[in-house]
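Q: Please take a close look at the charged side chains of this model. How are they paired, and where do like charges gather?

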Amino acid sequence: WTATPPAMTHASTADLVEAQRQLLESETSRVSTKKDLEAALSDAGRIKNDFAMLQQTVADLKHQLGVREEAIRAAVRREDGMKSTLRQLNHRHMAVALESREMEDIEAKALEGLKAELMLLEAENDR
């Protein structure tokens, strides 16, 4: 006679079937979880690559912005230089115009003096 009672044997078989069913579910779940993890790792790799590309794009854009800012600063310096030159030319133009008016005034006075002298000479000549 064996040491296992008959009722225990029957319950053990049912327990064994249940345990095998749970083990099968567990294995199925583990395989599914492993596939999910592999997919997540693959997604993480793609995300990491996308992020690296975005970082490079940001770095490129910052560089382009720096180049453009320097070009703008250079253009502003050129414009400031042109404005300074224009102011100098304007001052010179005003000085030349003033000199020209002074010369015209001097010439007009000299001409009036010559006309007066001519009139005196003509008057003397007429006598």
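A: The following account treats the salt bridges and then a patch of charge.

The model is predicted, so local features need pLDDT of at least 70 and side-chain atom pairs count only at pLDDT 80 or more, while totals for chains, interfaces and linings use all residues. Residues are numbered from 1 along each chain as its sequence is written, and side-chain values use heavy atoms, with hydrogens and water left out.

A salt bridge is defined here as a side-chain nitrogen of Lys or Arg within 4 Å of a carboxyl oxygen of Asp or Glu. By this rule there are 6 salt bridges. One of them joins E25 to R21, with 2.4 Å between the closest N and O atoms. Both E25 and R21 belong to helix α1 and stand 4 residues apart, about one turn of the helix. Helices (H or I, at least four residues) and strands (E, at least two) are DSSP runs, numbered from the N terminus. E25 has 46% relative accessibility and counts as partly exposed; R21, at 39%, is also partly exposed. In these terms, buried means under 20% relative accessible area, exposed over 50%, and partly exposed in between (1.4 Å probe, protein chains only). E25 and R21 also belong to a network of salt bridges that includes E18.

A further salt bridge links E70 with R73, whose closest N and O atoms are 3.2 Å apart. E70 and R73 lie 3 residues apart in helix α1, about one turn of the helix. E70 is partly exposed at 36%, and R73 is partly exposed at 42%.

E79 and K83 form another salt bridge, with the closest N and O atoms 3.6 Å apart. Because E79 and K83 are 4 residues apart in helix α1, about one helical turn separates them. E79 is partly exposed, with a relative accessible area of 39%, and K83 is partly exposed at 42%.

The patch of negative charge on the surface consists of E99, E102, E104, D105 and E107. Patches are made of residues with over 30% relative accessible area and no salt bridge, like charges being joined within 9 Å and nonpolar side chains (Val, Leu, Ile, Met, Phe, Trp, Tyr) within 5 Å. Lys and Arg count as positive, Asp and Glu as negative, and His and the chain ends are not counted. E107 counts as exposed because its relative accessibility is 52%.

How values were computed. Accessible areas come from the Shrake-Rupley method with a 1.4 Å probe; for residues, only the protein chains shown count as cover. The place of a charge is taken as NZ of Lys, CZ of Arg, CG of Asp or CD of Glu.
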